[in-house]
Amino acid sequence: MVNLSIDGIKLSVAEGTTILDAAKEVGIRIPTLCHHPDQAVKANCRICVCEVEGQPLLQAACETQVNEGMVVRTHTPQVIKTRKMILQLILGHHPQDCLNCIRNQNCELQALVEEYGIRDNPFPLKLKGLPEDRSTVSIVREPDKCIACRRCVDACSVIQTVNALCIEGRGYEIGISPVMGKPLAETGCVLCGQCIHACPVGAISENEQIDEFLAAVADPDKVVVTQIAPAVREAIGEEVGMATGDMPMDKFVAGLRRVGLDYVLHTNFTADLTILEEGNELLKRLKENGTLPMMTSCSPGWINFIETFYPDLLDNLSTCKSPQQMFGALVKTYWAEKMNIEPSKIYSVSIMPCTAKKFEAARPEMNDSGFQDVDLVLTTREVGRLFRMFGIDFDKIEPSQFDPWMGQYTGAAVIFGATGGVMEAALRTVYEVVTGETLTDVNFTAVRGFESIKEAEVDLKGTKVKVAVAHGLGNARKLMDQVRAGESPYHFIEIMACPGGCIGGGGQPITKSNIKRKERINAIYVEDEACPIRKSHENPEITQIYEDFLKEPLGHKSHQLLHTTYKP
Ligand code: HC1
């Protein structure tokens, strides 16, 4: 242990601890901008500088490790003056339009400017005048707002191994740009939106489509129907002042009716349906020597990744569309028929934790209902803004239930939102279908948790099925390299593009660290435990749709509406 003093407080910390972390232990917060708890130290913004006795220059707390007997002062007049000057220098080339910014009141720079009482600036505002990049349907870049902290580059290159962003220029000219200076759409960007969470300011954000939503609900000729993705309920409360996981589902549904939706249904219904289709597909591939390992196909950032980096492995993907797109295809066919609503009038809106879902909905493959299956995708953050715009008091709102035919779901669907959840849901069903036995314990804990790659072996009455789960594309890459080399021992692999799975999606409330992602995962398992039915094949509305419409898993209708293939 190392003994030191910070602002007169004596403490002992482990060797190798930085001043930044040591200060946290005694309740002193040193400001940071380029620092990110899940990334390597960059030490380029210098806002965390502190005085260390005996050192002539101020030291960056994020990179300086403690020494025996060290005396640190974190908020001396010189330190405060230096931090103020750093903030003023940043503001000298950062747009001062906080009121119009998507990150207004949720911006790390704005918060520091307020904390340090910056009232004027000796450095005149000089913007680079760089154009916005709206080349993708999912993500918007506003490079003039970039403070070159490089957190987005690390998120994209180190965590996701996508390398769509890079550092360009030096000194005042330094900035972050898509590789080769191209528009984002022309790079290998998979639209996962992890760069948005990493960005401390508003330089990268979702393509906000709230105005399109408001126009749709105001249109008397449209019947606006929504689906809610599994990971949204756990996080939406964070947008309206609740703790993680605390938004009751019936109040969430009521809130959605309040903002103008005509019908509220659930993606969880088609998550359960996915398990029936995907589970049967796995069994067919195992029986008929099909391409293995089969890989899940519901995360659109992952689909973009495999298309770009591993097109030779596309045959390994399950042919199942994602639950979002299964829902889209069914709402304008099966549900329209059940409700006696003209499909052309249906405007289908998804509420997703994901920025890549906006792209997925717009893919040309996704028109099997005869129309664009999903018309609009709103992220959790956009729905949070809508709730605030409509002034909804969730303590007072009267609860409301889902509409019929595609609103019922099981605990198996709930856990889709966490890494390992699709695998666990599939195992719950596949085990019972193959063995004919009832699972006494439905919890496949080996595939749960935040470990980068998880694996398990399940004995299906003599047939041993080996499975693996990866979350985050850097982890996915490790499994894909193994498959490409012909060395994969697995039969079934679940990949989710975002760290933690969809609960950490690019459209979720801004999440700086994995701690929040783990809280959301915990909330998911609490919800699963509370569900009266926890296996997809026991969902009564799933039984109904096979009886009335689809007839059987992998049948003709299913192939027409629920499956697709991605071509290299
Ligand atoms: Fe996901 Fe999925 S779980 S991909 O992570 O399979 O986005 O939540 O909606 O489609 O069901 C995301 C979440 C989501 C799909 C489902």
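## Domains

The chain falls into domain 1 (2-75), domain 2 (124-206) and domain 3 (211-561). The model is predicted.

## Extent of the interface

Between domain 2 and domain 3, 17 residues of domain 2 are in contact with 29 residues of domain 3. The size of an interface is often given as the accessible area lost when the parts come together. For domain 2 and domain 3 the buried area is about 1,700 Å², and carbon and sulfur atoms give 55% of that area.

Which three residues supply more than any other three of the area that domain 2 buries against domain 3? They are Val 190, His 197 and Glu 206, with 36% of that area.

## Polar contacts and salt bridges

In a salt bridge between the side chains of Glu 206 and Arg 381, the distance from N to O is 2.9 Å. Glu 206 is also one of the three residues named above for their share of the buried area.

## The domain 2 side

On the side of domain 2 that touches domain 3, α4 (151-159) and α5 (194-198) each supply at least two residues. The largest share of that side comes from α5, with three residues. By residue type, the side of domain 2 that touches domain 3 has eight nonpolar, seven polar and two charged residues.

Methods
Residues are numbered from 1 along each chain as its sequence is written. This is a predicted model: local features need pLDDT of at least 70, side-chain atom pairs count only at pLDDT 80 or more; totals for chains, interfaces and linings use all residues. Side-chain values use heavy atoms; hydrogens and water are left out. Domain bounds come from an automatic or database domain assignment. Contact means heavy atoms within 4.5 Å. Buried area is the accessible area (1.4 Å probe) that two parts lose on being put together, summed over both. A salt bridge is a side-chain nitrogen of Lys or Arg within 4 Å of a carboxyl oxygen of Asp or Glu. Helices (H or I, at least four residues) and strands (E, at least two) are DSSP runs, numbered from the N terminus. Ala, Val, Leu, Ile, Met, Phe, Trp, Tyr, Cys and Pro count as nonpolar, Asp, Glu, Lys and Arg as charged, and the others, Gly among them, as polar.
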